[in-house]
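Trainee: Could you take me through one part of this model slowly, covering how its strands pair and how the helices beside them pack?

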Amino acid sequence: NKHFLQKKYNDAIHCYNQALKQNGEKAIYYVNRALCYIKLKQWDKVYQDARHCLDLDPNYIKAHAYLGQYYIEQQRYDEAITYFKQALELCKTQNKNFGDEIQRLLRYAQKRRFSIMEHKRIENEISLQTYLRSLIQTDKERRMQLRIEKYLEDKDPTQSSTNTLSILKQFLSKITNRHNQQITTNLASVVSVSPKVATTTTHNNEMNVAIDQQLEQALQDIEQSADQSINEMNTLFNEVDVRRKRREIPEYLTCKLCYDLMRDPVITPFGITYCRSCIEENLYKVSHLDPIANKPLVVDQLVNNLVLKEIVEKFIKENEWAKIRPQKFAIQYSTRLVLQAFLPKEPVLDMLHFVLVLIAIASSFSDGVNTNQCTPLSTQKNTSTILAQIRQEMQKEDIGLYVVFADDEHGSEYTQAYDKRRDWLTGFRGSAGTAVVSLRTAALWTDSRYFTQAEEQLDCANWLLMRDRDPGVPTIIDWIVSELNQTALRPGTTAVFTSTSWWTSANSALKIIGKELRSVEDLVSRIWPSSERPKELQGQIFTHDIEYAGETVAQKLNRTTAEMKRLGATTAVISALDETAWLFNLRGTDIPFNPFFKSYAIIHADYQVNQPELFVNLAQLNVSQYPPGVRVFNNSIFWSRLNQISTNASINRIMLNTKISQAILNLIPENKLLLPLSNSPVQRIKARKNAKERKGMQDCQLRDAVARMKHLGWLEKQLDEGKSINETQSSDQLLVYQQQQDRFQFPSFRAITASGDRAAIVHYSAAPETAQLITKNKVYLLDAGSQYLDCTTDITRTHHFGVPKDLEKRAYTRVLQGVIDIAEAVFPTGTYGRSLDHLGRMSLYRDGMTFGHGVGHGIGHFLSVHEGPQRIASPYNALEETLADGVFLSDEPGFYKPGDFGIRIENDMEVVLANKSSYENRQYLRFNTITLLPYERSLIDASLLTNAQLNTINQYHAKVRDILEPLLQGDEAALHALHTRTASIDSIPTIPNLSYI
C-alpha cells in the first residue's frame with residue numbers, strides 16, 4: 001500500500017504477489033493489485049484480478065467497479081454499465097460511499113454507449129434514406145412503364161414491349177439531360193423511333209400530337225409525384241436529425257443520483273445539487289449522509305436551487321422533447337402503435353407510409369436507447385392467432401377495446417382452470433394481472449410480485465408488459481383513455497367478471513372523452529375451443545360440522561341481519577364464495593386451494609319471515625344437507641330471482657359490496673341501493689372468529705408445525721447425505737407430511753419453494769422441469785400453508801444448511817426484528833393495520849432495505865388464506881377496517897435482492913385484548929403469535945439484536961422446543977433440526993454504528 005501511494009506500482013504489485021502466495025483467499029489483495037494494473041493500463045490483468053476477487057466475494061464493490069473500467073477500455077459499454085450499476089447497488093446495500101467516482105464512470109459509459117449507438121443510427125439512417133430513394137425511383141419507373149404500355153395498347157394492341165422500354169428510356173434520358181426541369185418537347189419525336197408508331201403518326205399526325213401530349217403529361221405527373229415523395233422523405237429525415245442533435249442534457253443540469261434532468265433541484269450545505277426526490281429517497285433509504293460530500297445531512301437542510309430551476313425551465317421550454325421522461329415501455333408501445341397506425345391495410349407499396357413508419361421508429365429510439373427488447377422464450381405462448389380471433393369478435397360487438405380480468409364471476413382470488421380466461425388469452429399464469437386488448441395493440445398489467453414471471457410467460461411479441469406502479473407506467477384506466485382517444489369506438493368488458501368499483505372508476509375517467517364502458521358477452525369463451533378448455537369443476541358440497549364452525553346457520557344469520565339492520569339494509573346480495581360457504585356452514589372443492597363452491601345468496605333482514613335464498617348447482621348438494629331455514633335454488637335462476645327482488649316494492653334498501661360484479665349492480669335500481677357501497681356484513685362478522693374457531697386456529701398450528709419440522713429434518717438429512725433435492729421434490733415431500741396430520745384437507749395455496757436467487761421472486765412458482773437444486777451454500781425459502789377442517793394456515797421460513805454470507809445474515813436478522821416489532825405492538829381499539837406497517841420495516845430501513853408487499857393479511861377459518869377487511873399494509877384503502885379482537889393475520893416482513901437471494905419470515909397471529917387504559921378507560925389490543933416453528937439460527941446475527949429482542953427469540957424457541965419435542969419423538973432427523981435451531985443464543989457486545997444514529 002505504501003508503494004502504491006508513492007506511485008511505485010510495480011513494487012506494489014510485487015508485494016501483493018508475495019501476499020497472495022501466503023494467502024490466496026484474500027479478496028482485498030486481488031482488488032488492490034487490480035488497481036495497480038489500472039494505473040499501468042494493463043487491462044487484461046485488471047480483468048483477471050477483479051474476477052478472482054468476485055469469485056471469492058461476489059459482493060466486493062471495488063471489483064465490480066474495476067471490471068466496469070476494464071469493459072470501458074474494451075468499448076463494451078453494456079457490460080461496463082451493468083457492473084457500475086451493480087457496484088452502486090452494493091454501495092446502498094452495504095451503506096458505503098465512494099463519492100461520485102462510480103457514478104461518474106457510469107455516466108461516462110452511458111454517454112459512450114449512446115454516442116456509438118447514435119453513430120450507428122445515423123449510418124443506418126443514411127443507408128435507409130439511400131435505399132428508400134432507390135425504391136421510389138424503381139416505383140416511378142414501373143408506373144411510367146405501365147402507363148406507356150397502356151397508351152400503346154390503346155393505339156395498337158400488336159405493339160411489342162420493346163417500344164415501351166424504348167419510349168421510357170428516352171423519356172428518362174430527357175429528364176436527366178435537362179436536370180429534371182419540366183419537359184416541353186412534343187412526344188412525337190420520342191414515338192417516331194418505332195416504325196409502327198411512326199406509321200401511325202404519318203397517317204393521322206394531328207390526332208397523334210394530341211395523344212402524345214396527354215401521355216407526356218401523365219409521365220410528368222408520375223415524375224412530380226416521385227419528386228414530392230423524395231422531398232417529403234428528406235424533410236422528415238431532416239426533422240429527426242435536428243431533434244436528435246438537440247437531445248443531450250448538459251451535465252450541469254443532470255442529477256448525480258438518477259442521471260436525469262433535475263426538474264426540482266435542491267442544494268445541500270456542501271454546495272452539491274440533486275433532484276429533491278432522489279436525495280430525499282437516498283436519505284430515507286440509504287443513510288443520513290450527503291452521498292458525494294459524505295457528511296451528515298437531513299432533509300430540513302435542503303434548499304431549493306432557484307437559479308438552477310430557472311435554467312432547467314428555460315431548457316425544457318427550448319427543448320420540447322425534455323418535457324417527457326423516456327420510459328422503456330413507452331418506446332416499445334409507441335413503436336408498435338406507429339407500425340399499426342401507418343402500415344396500409346391493402347398489400348400495396350405506399351412509399352410515404354413506409355417512410356413515416358421507419359422514421360417514427362428511428363425517432364422513438366433516439367429518445368431512449370435502453371429499451372426492452374422482446375426476446376421470445378420457449379416458455380412464452382404464441383398468442384397471434386388468439387388475438388386475431390378476439391379482435392374479430394370485438395369488431396362484431398363494435399368495440400375498440402376489451403378488458404379481461406383474472407377473476408371469475410364471484411371476484412375470486414383463486415380461480416379454477418375453467419375460468420382462467422386471462423391466462424389462456426395471454427400465456428401469463430400469475431394470480432394478479434389484467435389484460436387489455438385494443439384493435440391495434442395488447443397490454444398486461446401486473447404488480448412487482450409477478451414481474452419476473454410475466455417476463456418469462458407473457459408473449460412479448462404481441463403483448464406489452466406494464467409493470468404496475470413503476471415510475472412512468474400508466475394505470476390501466478389512464479392507458480385505456482389514451483388508447484380510446486385514437487378511435488371512435490367504445491371500450492367493452494364482460495360485466496359479470498367486472499367489479500362495480502372498477503367499472504365506476506373507469507367510466508368516471510372515460511366521461512372526460514365522452515365515452516363509457518359497454519357490457520358485452522364473454523368474448524374469450526367464444527373463441528376458446530372446448531377441446532382445449534378444462535372441464536368445469538363441480539365437486540360434491542359437504543357440511544362444515546358445528547364442532548368446527550362453532551355456530552349454527554341460524555346464529556350466523558342472526559348476527560348478519562343485525563348488522564344489516566344497523567346499516568339500514570332490508571336485503572343483501574352475497575356473491576363472494578367464502579361468504580356463502582361460511583354463512584351456511586358448507587364447503588366444496590370447486591376452487592383450487594379453497595373449500596368453496598360456485599354460489600350466490602340473497603339475505604333479508606327479516607330472515608325468519610323472508611327466508612334466505614341460496615343458489616348453487618343442485619347436482620352438487622344433497623337434499624339432506626340443505627341448511628335449515630334456507631331456500632335452496634339452482635344457480636341458473638339467480639338472475640331472474642334478483643330481477644324479481646329488484647322490482648319488489650316491499651324491498652327498498654338493497655346492500656351490495658364494492659367487489660360485486662357490475663352485472664348484479666345493473667339489475668338494481670339506483671333508488672333502491674344502499675349507498676355508498678361498502679363491505680359485506682358477512683365479511684365483517686366472519687373476520688372476527690368465534691371461540692370455537694379461535695381454538696381451532698390455535699390447535700392446528702401444532703399439526704402444521706409437526707409437518708414442517710418433519711420435512712425440515714428430512715430435507716437436512718438428504719443434503720447431509722449428499723443427495724440431490726430440487727424445489728418441487730421438497731414441496732412434494734412436505735405434502736406427504738401434511739397429509740399425515742389429522743383433519744388435513746389440502747394445501748391453502750401452491751407452496752412457494754425457492755432456492756437461491758429464486759427466493760428473491762416474491763410469488764415464485766417452481767415447475768418440475770425447471771426446478772432448481774437446494775444446496776448448502778444458498779438460502780432456501782419455503783412459504784406453505786394448509787387447509788384443515790378447523791383452520792387455515794400460512795407459514796414461511798427461510799433456511800440455510802451451510803455457512804451463510806454476511807449480507808444474508810444481516811438481511812435475515814433485520815427481517816426477524818421486523819417480525820418481532822409487529823408481534824410486540826400494543827395499540828388502542830380503532831387502530832388500522834396500515835398504522836402498524838412501518839413497524840415491520842424500521843429495522844430494515846437502518847440498512848437501506850425494504851420490501852414491496854404488505855406486512856400482513858387476514859386469514860380465514862377453513863376458508864381463504866387471504867381474508868379482509870383487516871390487513872397490515874401502508875397504502876390507504878377505503879374498505880380497510882380497524883383491527884379487532886378475534887381477527888387473525890399474518891406477520892411477514894421480507895427482503896429480496898434480485899438475482900441473489902430472498903428472505904421472508906411469516907407467522908400467523910391473532911388480535912387479542914390487552915390492558916385497559918387507566919387514564920381514558922380505553923381498551924388496548926395486542927397480537928398473540930400462534931405459529932410454533934423455530935427461526936433459522938445460523939442466519940441470525942446476534943450483534944444486531946437488542947437484549948430484549950434476543951430474550952424474545954430465546955423465549956420463543958424454548959416454548960417451541962417444549963411443545964414440539966414430545967410430538968416429534970421417534971423422528972431423529974426432525975428432533976435434530978428442532979434442537980439445533982432452538983438452542984439458546986448468547987448476546988454479543990456491540991459498538992453502536994454511528995451511521996444509524
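Mentor: Two strands are taken to pair if DSSP finds at least two bridges between them, and the model to which this is applied here is a predicted one. On that basis there is an open sheet of 3 strands, ordered 18-19-22, whose pairing is antiparallel. Because strand 18 (752–755) and strand 22 (795–800) each have a single partner strand, they stand at the edges, and one side of each is left without a neighbour in the sheet. On average, and with direction ignored, neighbouring strands of this sheet are turned by 10° against each other. Strand 19 (residues 779–784) and strand 22 run antiparallel and are joined by 6 bridges, with valine 779 having histidine 800 of strand 22 as its bridge partner.

Helix 28 lies across strand 19 and strand 22, and runs at about 20° to strand 22. Helix 28 (residues 691–720) also packs with helix 33 (residues 972–982), at an angle of about 95° and with the axes 7 Å apart, which means that helix 28 is roughly perpendicular to helix 33. On the side of helix 28 this contact is made by Met709, Lys710, Leu712, Gly713, Trp714, Glu716 and Lys717, and on the side of helix 33 by Ala973, Ala974, His976, Ala977, Leu978 and Arg981. By class, the residues of the contact between helix 28 and helix 33 divide into 7 nonpolar, 2 polar and 4 charged.

Helix 33 has a further contact, with helix 32 (residues 947–964), where the axes come within 9 Å and cross at roughly 160°; since angles over 145 degrees count as roughly antiparallel, helix 32 and helix 33 are therefore roughly antiparallel to each other. Their crossing is left-handed, and the contact is made by His957, Val960, Arg961 and Leu964 of helix 32 together with Leu978, His979, Arg981 and Thr982 of helix 33. In this contact of helix 32 with helix 33 there are 3 nonpolar, 3 polar and 2 charged residues.

Another strand pairing can be read in the same way. Strand 29 (residues 907–916) and strand 30 run antiparallel with 6 bridges between them, leucine 913 having leucine 925 in strand 30 as its bridge partner. The two strands form a hairpin with 6 residues between them, and asparagine 921 in the turn has a positive phi of about 55°.

How values were computed
Residues numbered from 1 in each chain as written. Predicted model: local features only at pLDDT ≥ 70, side-chain atom pairs only at ≥ 80, totals over all residues. Heavy atoms only, no water. Helix = DSSP H or I, 4+ residues; strand = E, 2+ residues; numbered from the N terminus. Axes fitted to C-alpha atoms, helices over the stretch in contact; angles between N-to-C directions. Parallel < 35°, antiparallel > 145°, perpendicular 65-115°, else oblique. Contact = heavy atoms within 4.5 Å. Nonpolar A, V, L, I, M, F, W, Y, C, P; charged D, E, K, R; others polar. Left-handed = near helix turned anticlockwise from the far one by under 90°.
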